[in-house]
Amino acid sequence: MTKAKLETEVSKYMSYVLRHAPEAAGLTLDAEGWVSFDELEKALTSKYDVSRADIIEIIDNNPKKRFTLADNRIRANQGHSVEVDLALKAVEPPAILFHGTSQASWPSIEREGLKKMERHHVHLSADIETAKIVATRRKGDYIILRVDAAAMFSKGHSFFVSDNGVWLAESVPVQFLSLSAGTP
Ligand code: HQG
């Protein structure tokens, strides 16, 4: 396996463990999603041919800054399905946010708005390019939705931003959604 491939595999496994299944690596997250870095290191080095320095490099090089390592603890910045409280502060969002998804989801989204599904929040981005990247990972044709975040915020909906810049909301009711001009 090439070094790049190994790094991607370890990074994906870290997302899996820190967001969805800590027990798979024999770990327990605290209430805010943190786990001892030493324990994570033990789990990773027993499964992969990596050193502590490699793991730190994988965290630093992660293109989306998915993890925060601080005070010898680590957590995923967003995307959890396990019960954690990231203690994010509600903040005023940019006027417009974007969400990329599959064309096939549109009839359902048009009926019920954007729901958080398995995650804790609906994930939104401030730039259309990020939404496009998320959308193209879905099967088939994609759509880019424009979220009138200013109107939502003025109606009392809360927004949060994760440490790596992902915008989060409880839901997006359909009246705040429109198909973006960036949709193919
Ligand atoms: C869709 C990646 C039908 C929603 C990205 C999405 C992101 C509905 C899917 C992060 C619906 C949920 C999250 C409704 C929502 N009817 N479909 N009413 N409401 N959906 O993976 O936003 O690489 O939970 O459009 O960068 O795709 O993991 O959310 O297609 O930030 O760090 O249900 O994943 O980040 O899928 O992706 P997901 P997402 P990471």
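Which element gives the largest share of the shell around the ligand? It's α4, with three residues. Helices like this one are DSSP runs of H or I, at least four residues long, and strands are E runs of at least two, both numbered from the N terminus.

Quick housekeeping. This is a predicted model, where local features need pLDDT of at least 70 and side-chain atom pairs count only at pLDDT 80 or more, while totals for chains, interfaces and linings use all residues. Residues are numbered from 1 along each chain as its sequence is written, and side-chain values use heavy atoms, with hydrogens and water left out.

Okay, the shell. There are 19 residues around the ligand, and R19, K64, H99, T101 and S108 come nearest; near here means a heavy atom within 4 Å. Both α4 (106–112) and β4 (96–102) supply at least two residues of that shell. Domain 1 (3–76) and domain 2 (96–179) each give at least three, with the bounds coming from an automatic or database domain assignment.

What about side-chain contacts? An N or O atom in the side chain of R19 is 2.7 Å from a ligand oxygen. For T101, a side-chain N or O atom is also 2.7 Å from an oxygen of the ligand. Then there's R138, with a polar side-chain atom 2.8 Å from a ligand oxygen.

And how much of the ligand does the protein cover? On its own the ligand has 790 Å² of accessible area, and the protein covers 88% of that, going by the Shrake-Rupley method with a 1.4 Å probe.

Notes: A polar contact is a pair of N or O atoms within 3.5 Å; within protein, one must be able to donate a hydrogen and the other to accept it, and residues adjacent in sequence count only if both atoms are side-chain atoms.
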